[in-house]
Number of protein chains: 2
Amino acid sequence: MDNKALYKLSYGVFMLATKSGDKVNGCITNTCIQAANSPVRVAISVLNSNYTCDLIKESGVFALSLLDQTCAFETIKHFGFQSGRDVDKFANLNVPVDDNGIPYLGWGTCAVISAKVVDSMDLGSHTLFIAEVTDAKRLSDNEPLTYAYYQDNVKPKPEKPVEDRKIKGWRCKICNYVYEGSELPDDFLCPTCGHGKEDFEPIFE
Amino acid sequence: MDNKALYKLSYGVFMLATKSGDKVNGCITNTCIQAANSPVRVAISVLNSNYTCDLIKESGVFALSLLDQTCAFETIKHFGFQSGRDVDKFANLNVPVDDNGIPYLGWGTCAVISAKVVDSMDLGSHTLFIAEVTDAKRLSDNEPLTYAYYQDNVKPKPEKPVEDRKIKGWRCKICNYVYEGSELPDDFLCPTCGHGKEDFEPIFE
């Protein structure tokens, strides 16, 4: 079985948030579909190890912000690259809330879906929640962000690892003096401002 | 609730096929996500009124062809715009089959996923199947077809409805004689070939 074949499934990119008592959290997820009409239901799969998953099991409600192509990487990083167990992701954010008091994103987002869990299924690594949509709003006419677009255009391309790049010189961060050569001696002092090695940054070829 | 907000969810476009005994059918669907890892499971929502849905309930297996951007509208029309209750969609098609004997598409398709249903949930309009992926293959490096790309680039744009278009004349389908004027009298006979109104077609502005 070629697991990479599964990567060909197309997804959007979403910020999934919930609130249980005083606890509030949000994470980034891709796996949500509309699963039924009348009543409108969505199915959403959430990693069991995510704090948001625990909180949805408690609260039974969530708000899904559908990110659009204007969404900055910093927003995705904020919600996707750290855990709500370590940091309050909404601490300094001025964001709107839905009818259930759950925050959603007021920027970089084309729509928000509020939903109430009606069933769930533990699939080992993930829990699949089936939820009735209680409210849905369009927020912008921007194109929805797809996972493919995120990978190609939003996520920063990894820089070449330092070990693969050749250093051709060192720049003093204080005065911009440039030392030419790949190795800056440990006891080097900038001839212009007198600062030491710790204030120099490498210049790559 | 603004139902159009739900349209902002991003989807791929798939041909979902199954085989139950001698009965084989396929339809077009959008709503499939990878729902779990180890074992890899997908969740797929299928309209209960679809013949394919009935057959999957019987067979417990399916093959999902993930269409790519080279897929012709005719293929989507063939599987999506007619019912397997009326026509054998695979009758004259030369297509490969997976390990379960289920056909998938050998063209316009970037990957195929074979799966075995492990659970299902009746959601009224649709059934949500949870299925373990038993095989997955990549078939092309073409970009997966998204529903948005299908709408913008694959689906033919509707012609302006007849009632909105102004008729400037009538052409005799027999001899190509052209009558100039928006109204062709009921008793009109073609001066060239002698045929009547029923053999004329409108010429639009």
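These entries record what I looked up in a predicted model with chains A and B.

**Ground rules.** I took local features at pLDDT of at least 70 and side-chain atom pairs only at pLDDT 80 or more, while totals for chains, interfaces and linings use all residues. Residues are numbered from 1 along each chain as its sequence is written, and chains are lettered from A, ligands numbered from 1, in the order in which they are written.

**Entry: the seven-stranded sheet of chain A.** I looked up the strand order first. In chain A, seven strands make an open sheet in the order 2-1-5-6-7-4-3, with antiparallel pairing. Helices (H or I, at least four residues) and strands (E, at least two) are DSSP runs numbered from the N terminus, and two strands pair if DSSP finds at least two bridges between them. Strand 2 (23–29) and strand 3 (32–36) of chain A are the edge strands, each pairing on one side only. Direction ignored, neighbouring strands of this sheet are turned by 35 degrees against each other on average. Axes here are lines fitted to C-alpha atoms, for helices over the stretch in contact, and angles run from 0 to 180 degrees between N-to-C directions.

I then checked one pair inside the sheet. Strand 6 (residues 109–122) and strand 7 (residues 126–138) of chain A run antiparallel and are joined by 11 bridges. A:Val112 has A:Lys137 in strand 7 of chain A as its bridge partner.

**Entry: helices on the sheet.** Helix 1 (residues 51–59) of chain A packs on the sheet and touches strand 1 (14–20), strand 2, strand 4 (41–47), strand 5 (61–67), strand 6 and strand 7 of chain A. The direction of helix 1 makes about 50 degrees with that of strand 1 of chain A. Helix 2 (residues 73–80) of chain A lies across strand 1 and strand 2 of chain A, at about 120 degrees to strand 2 of chain A. For contact I used C-beta atoms, placed from the backbone, within 7 Å.

Entry: Is strand 3 of chain A buried or exposed? Five of its five residues are buried, so strand 3 of chain A is largely enclosed by the rest of the structure. The cut-offs are 20 or more other C-beta atoms within 10 Å for buried, 12 or fewer for exposed, and partly exposed in between, with C-beta atoms placed from the backbone.

Four bridges join strand 3 to strand 4 of chain A, and the two run antiparallel; A:Cys32 has A:Ile44 as its bridge partner in strand 4. The two strands form a hairpin with four residues between them, and A:Ser38 in the turn has a positive phi of about 35 degrees. The peptide bond from A:Ser38 to A:Pro39 is cis, with omega near 0 degrees.

I looked for the counterpart in chain B. B:Ser38 and B:Pro39 are joined by a cis peptide bond with omega about -5 degrees. B:Ser38 has a positive phi of about 35 degrees although it is not a glycine, and B:Ser38 is exposed, with 7 other C-beta atoms within 10 Å.

Entry: Three strands of chain B form an open sheet in the order 9-8-10, with antiparallel pairing. Its edge strands are strand 9 (178–180) and strand 10 (200–204) of chain B. Strand 8 (residues 167–172) pairs with strand 9 of chain B over three bridges, and B:Trp170 stands opposite B:Tyr179. In the loop between strand 8 and strand 9 of chain B lies B:Asn176, with a positive phi of about 70 degrees.

**Entry: the two chains together.** I counted 41 residues of chain B in contact with 41 residues of chain A. On the chain B side, strand 7 supplies the largest share, seven residues. That side divides into 21 nonpolar, 12 polar and eight charged residues. Ala, Val, Leu, Ile, Met, Phe, Trp, Tyr, Cys and Pro count as nonpolar, Asp, Glu, Lys and Arg as charged, and the others, Gly among them, as polar.

Chain B can be laid on chain A with an RMSD of 1.1 Å by a turn of 177 degrees and a shift of 0.2 Å along the axis, superposed by least squares on the C-alpha atoms of residues with pLDDT of at least 70 in both. The two copies are thus related as by a two-fold rotation axis.

Conventions
Two residues are in contact if their C-beta atoms, placed from the backbone, lie within 7 Å.
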